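Here are my notes on the model you sent over, as numbered points. Have the structure open while you read.

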Amino acid sequence: MRLVVVGAAGRMGRMLLRAIHDAPGCTLSAAVERPGSPHLGQDSGLLAGLPANGIPVTDDAAAAFAAADGVLDFTTPDATIAFAALAARTRIAHIVGTTGLEPSHLARLAEAARDTAIVRSGNMSLGVNLLAALVRKVAATLGTDWDIEIVEMHHRMKVDAPSGTAVLLGEAAAAGREVDLAQERVAVRDGQTGARVPGTIGFATLRGGTVVGEHKVIFAGAGERLELAHLAEDRGLFAQGAVKAALWGRGRAPGLYSMADVLGLDSL
Ligand SMILES: NC(=O)C1=CN([C@@H]2O[C@H](COP(=O)(O)OP(=O)(O)OC[C@H]3O[C@@H](n4cnc5c(N)ncnc54)[C@H](OP(=O)(O)O)[C@@H]3O)[C@@H](O)[C@H]2O)C=CC1
Ligand SMILES: O=C(O)C1=N[C@H](C(=O)O)C[C@H](O)C1
C-alpha cells in the first residue's frame, strides 16, 4: 500500500515514517509539509532517523495524493479538513489522528467521508480503545450516583485540551449512560463553582515535560472509587495503529470509521 505522510516533520510525522518503513505491505510514497516549512526538500528517511530513502519532503499534497492509496494525517484541525477534501477527490483512505477538532471540522470530515473511507480516532492504540469499551460498560452498569472524572497528562508542547483521548473516553462514558457528552461535559472549574452537578462528566488537564500520554477515568461513588487508566510509553504505538488502520481502510466503502471498527472492538 502506497502511503503519504502529511505533517511529516512533526513529532508524530516522524514516527509514521518509521512505522511505514517497518510495516510489511506498505511503502512511503510521499512526505508532505506545509508551504514554507524549513523541512521542504529534506530527505524524509534522514528526517525520521532512517537511512536516506530518496523521497524529499514536498508541499505538493495534490501530486502526492494522486500517486497514493492512503494518507496518514496527524497535523492540525484546519490542515486535516483541507486534506480530507483532497483525499475525497482522489478517493484514497484518510487516517486522521489529529485532535482538537470542533463540530465544524467534524461536519467537513463527514462530508468528505461520502466519497472515501476515513478512519478517525483521538487515540490509535489498542489499549485506549479497549479502555473505552470498558468505560462504556462500567458507565452503563453504575448509576449517576457514581461521578465520572477524566484526568489526562501530556507533554508541554501539546496545544489542545482536553486531549482527543480524554474526549473519546468521555464519549464512551456518555454512550454507556445513554446521554450526550456535549450536554454533560465540564471541562473547566475555577473559583466558586458550586457543588458538582449530578450526571456531569468532568475533565482535568495536566501539561508538563515529555509525557507521551496518560489517561485515567475515575468513577467516584459513596465511600468507594474505581479507576481505569492507560499509560502510553512510546508514541510509536500510535503510528503503528495508524498504519494498521490504513491497511484496513484500503478499498473500504466510503464512510467514517473508528479504531474500534479497525480493531473489531464494537461487539465488546
Ligand atoms: N490519535 C492519536 O493516536 C494521536 C494523535 N495525536 C495528535 O496528532 C496531532 C499532531 O501531533 P504532533 O505530531 O505532536 O504535533 P506536531 O506539531 O509535532 O506536528 C504537526 C505537524 O503538522 C505540520 N502541519 C501543520 N499544518 C500543515 C499543513 N497545512 N500541511 C502539512 N503539514 C502541516 C506541522 O508543521 P509546522 O510545525 O511547520 O506548522 C508539524 O510538522 C495533534 O493533534 C495530536 O493531538 C498525537 C499523537 C497520537
Ligand atoms: O498530542 C499528543 O501527544 C497526543 N495526542 C492524542 C490526544 O490528544 O489524546 C493522543 C495521545 O494521547 C498523544
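1. Let's begin at the ligand, bearing in mind that this is a predicted model. The backbone of arginine 11 puts a polar atom 2.9 Å from an oxygen atom of ligand 1. Glycine 10 has a backbone N or O atom 3.2 Å from an oxygen atom of ligand 1. On the nitrogen side, a polar backbone atom of serine 121 sits 3.0 Å from a nitrogen atom of ligand 1.

2. How much of ligand 1 does the protein cover? On its own, ligand 1 has 920 Å² of accessible area, and the protein covers 78% of that. Helix 1 (11–22) and helix 4 (77–90) are the elements that give two or more residues to the shell around ligand 1. There are 22 residues around the ligand, and Met12, Glu33, Arg34, Thr99 and Lys158 come nearest.

3. Next, have a look at histidine 215, which is in strand 10 (residues 213–220). The side chain of histidine 215 makes a polar contact of 2.8 Å with that of serine 163. Other residues that histidine 215 touches include Glu152, His154 and His230.

4. On the aromatic side, the structure has two aromatic pairs. In the one formed by tryptophan 248 and tyrosine 257, the ring centres are 5.1 Å apart and the planes are at 80°, so it is edge-to-face. Tryptophan 248 and tyrosine 257 are both buried.

5. Tryptophan 248 also has arginine 252 over its face, 3.8 Å from the ring centre. Elsewhere, arginine 185 lies over the face of phenylalanine 203, at 5.7 Å from the ring centre.

Note on methods. Residues are numbered from 1 along each chain as its sequence is written. Chains are lettered from A and ligands numbered from 1 in the order in which they are written. This is a predicted model: local features need pLDDT of at least 70, side-chain atom pairs count only at pLDDT 80 or more; totals for chains, interfaces and linings use all residues. Side-chain values use heavy atoms; hydrogens and water are left out. Helices (H or I, at least four residues) and strands (E, at least two) are DSSP runs, numbered from the N terminus. A polar contact is a pair of N or O atoms within 3.5 Å; within protein, one must be able to donate a hydrogen and the other to accept it, and residues adjacent in sequence count only if both atoms are side-chain atoms. Contact means heavy atoms within 4.5 Å. Rings of Phe, Tyr and Trp (its six-membered ring) pair if their centres lie within 6.5 Å; planes under 30 degrees apart count as stacked, over 60 as edge-to-face and the rest as tilted. Buried means under 20% relative accessible area, exposed over 50%, partly exposed in between (1.4 Å probe, protein chains only). A charge sits over a ring if NZ of Lys or CZ of Arg is within 6 Å of the ring centre and within 35 degrees of the ring normal. A residue is near a molecule or strand if one of its heavy atoms lies within 4 Å of it. Accessible areas come from the Shrake-Rupley method with a 1.4 Å probe; for residues, only the protein chains shown count as cover. Lists of a residue's contacts leave out its neighbours within four places in sequence.
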